[in-house]
Amino acid sequence: MNNWLNRLERRYGRFGIPNLTNILVGGQILVLAIELFVNQTISVWLSLSRYLLLSGQIWRIITFVFIPSYGGSILSAVLGIYFTWFIGTALEREWGDFRYTVYLLSGMLGTVLACLLTGVSGSTYCLSLSLLLAFAMLYPEVQVLLFFVIPVRVKYFGFFAAALWVLSFLGAPLPQKLSLLLSMANVWLFFGPMGYRAIRAWVRREQWKRKNRR
């Protein structure tokens, strides 16, 4: 893991938030229940908007993460909440409270910053992708049941998530591209150095192969 994280944890480890996934998922379940049975406009009061943030509604920098992603149906929202819990609790066990808190909060801060700079409304799209990518990088060979029936290794979910992000990025206008980049700040912070080292090692191997062919 990155040296800067080790230093931060030694100094500020006590500030890690225990059971952060349960807090996140509990909030999403509550918002889903309110939206279904009480007030269908609750998400309007919680979503991330530059205009409303600058108008003083600063609670939105936190509350937007409690809006579940419907994906077209209530079933997809329930499945999304379940996978957030499943992946989040696994990351908490692997990293501990502090590192997991830093990962989640840096993703949130990147999304808020993207919203303020570009005006693009923030959502949990990239945050959810970042959790899945982290899980796939840490547990690539673990199998999960797709639709509770088909066993699929987590690394393939990771490939799919990365492909979704790349396609979204390539097809987006410039403000949306910047928003997508900033909203994945946690992935760049945690896994960027690892990716850079892997690419550099691959380049060196290719250079060595070419040199030996001469």
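Which exposed residues sit on the face of helix 9 turned away from its buried side? They are Phe 159, Phe 160, Leu 167 and Leu 170, where exposed means over 50% relative accessible area, buried under 20%, and partly exposed in between, with a 1.4 Å probe and protein chains only.

Before going on, some ground rules. This is a predicted model, in which local features need pLDDT of at least 70 and side-chain atom pairs count only at pLDDT 80 or more, while totals for chains, interfaces and linings use all residues. Residues are numbered from 1 along each chain as its sequence is written, and side-chain values use heavy atoms, with hydrogens and water left out.

Now the overall layout. The protein chain has 11 helices and two strands; these are DSSP runs numbered from the N terminus, with helices being H or I of at least four residues and strands E of at least two. Reading from the N terminus, the order is α-α-α-α-α-α-α-α-β-β-α-α-α. Of the 214 residues, 38% are buried.

Back to helix 9, which covers residues 154-170. Its 17 residues reach 24 Å from first C-alpha to last, close to the expected 24 Å, a span taken as 1.5 Å times one less than the number of residues. The buried residues here are Val 154, Gly 158, Ala 161, Trp 165 and Phe 169. They end up on the same side of helix 9 because they cover an arc of only 70 degrees around the axis, with the arc being that of the directions from the helix axis to the C-beta atoms.

Helix 7 is worth a look too. Arg 99 belongs to helix 7 and counts as buried at 10% relative accessibility.

Finally, the cysteines: Cys 115 is buried at 0% relative accessible area, and Cys 126 is buried at 5%. The structure holds zero disulfides, meaning pairs of cysteine sulfur atoms within 2.5 Å.
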